[in-house]
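Open the model in your viewer and keep the selection panel at hand. The stops below go from one selection to the next.

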Amino acid sequence: YYAHSDEERTKHFINALQGSSKALWALLGGYGTAEIVSIIERSSFSPPACPKLIIGFSDITALHLLAGSWGWPSLHGPVVGLGKE
């Protein structure tokens with residue numbers, strides 16, 4: 001189901017957290033984010049001082065909980081539709 005290992009996906013997520021964007025939006029359901037959160041919680045990672053808005057739905061709930069533990073805003077909101085035309 002995944003394009004990369006849990007560790008590789010965690011590395012990409014941490015890079016996104018440290019980037020210059022103001023928000024991270026999961027465009028699909030976020031299946032597998034619980035594994036990423038588990039790795040981050042076991043590591044010595046500290047969130048960047050400048051919070052980012054976390055947006056997403058469904059399995060991304062694990063990221064909403066992580067963001068909340070950091071005091072960051074999150075929005076349990078819409079994902080991109082994969083419309084059938």
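At what angle do α1 and α2 pack, and how far apart are their axes? Select both helices in this predicted model: the angle is about 75 degrees, and the axes lie 9 Å apart. Angles from 65 to 115 degrees count as roughly perpendicular, so α1 is roughly perpendicular to α2.

Next, show the side chains where the two helices touch. On the α1 side, pick D6, E7, R9, T10, F13 and I14; in α2 they meet E35, I36, I39 and I40. Coloured by class, this contact of α1 with α2 shows 5 nonpolar, 4 charged and 1 polar residues.

Now move to the largest pocket, which holds about 340 Å³ of space. To centre the view, select W25, A26, L27, G30 and T33, the closest to the pocket's centre among its 16 lining residues.

Last, colour the model by pLDDT. The mean for the protein is 88, and 92% of the residues reach 70 or more.

Key:
Residues are numbered from 1 along each chain as its sequence is written. This is a predicted model: local features need pLDDT of at least 70, side-chain atom pairs count only at pLDDT 80 or more; totals for chains, interfaces and linings use all residues. Side-chain values use heavy atoms; hydrogens and water are left out. On a 1 Å grid over the protein atoms alone, a cavity is a set of points where a 1.4 Å probe fits but cannot get out, and a pocket is an open set with protein on both sides within 12 Å along at least five of seven lines; lining residues have an atom within 4 Å of a point. Grid points are joined across faces, edges and corners, and a volume is the space filled by probe spheres set on the points. pLDDT is the predictor's confidence in each residue, from 0 to 100. Axes are lines fitted to C-alpha atoms, for helices over the stretch in contact, and angles run from 0 to 180 degrees between N-to-C directions. Helices (H or I, at least four residues) and strands (E, at least two) are DSSP runs, numbered from the N terminus. Angles under 35 degrees count as roughly parallel, over 145 as roughly antiparallel, 65 to 115 as roughly perpendicular and the rest as oblique. Contact means heavy atoms within 4.5 Å. Ala, Val, Leu, Ile, Met, Phe, Trp, Tyr, Cys and Pro count as nonpolar, Asp, Glu, Lys and Arg as charged, and the others, Gly among them, as polar.
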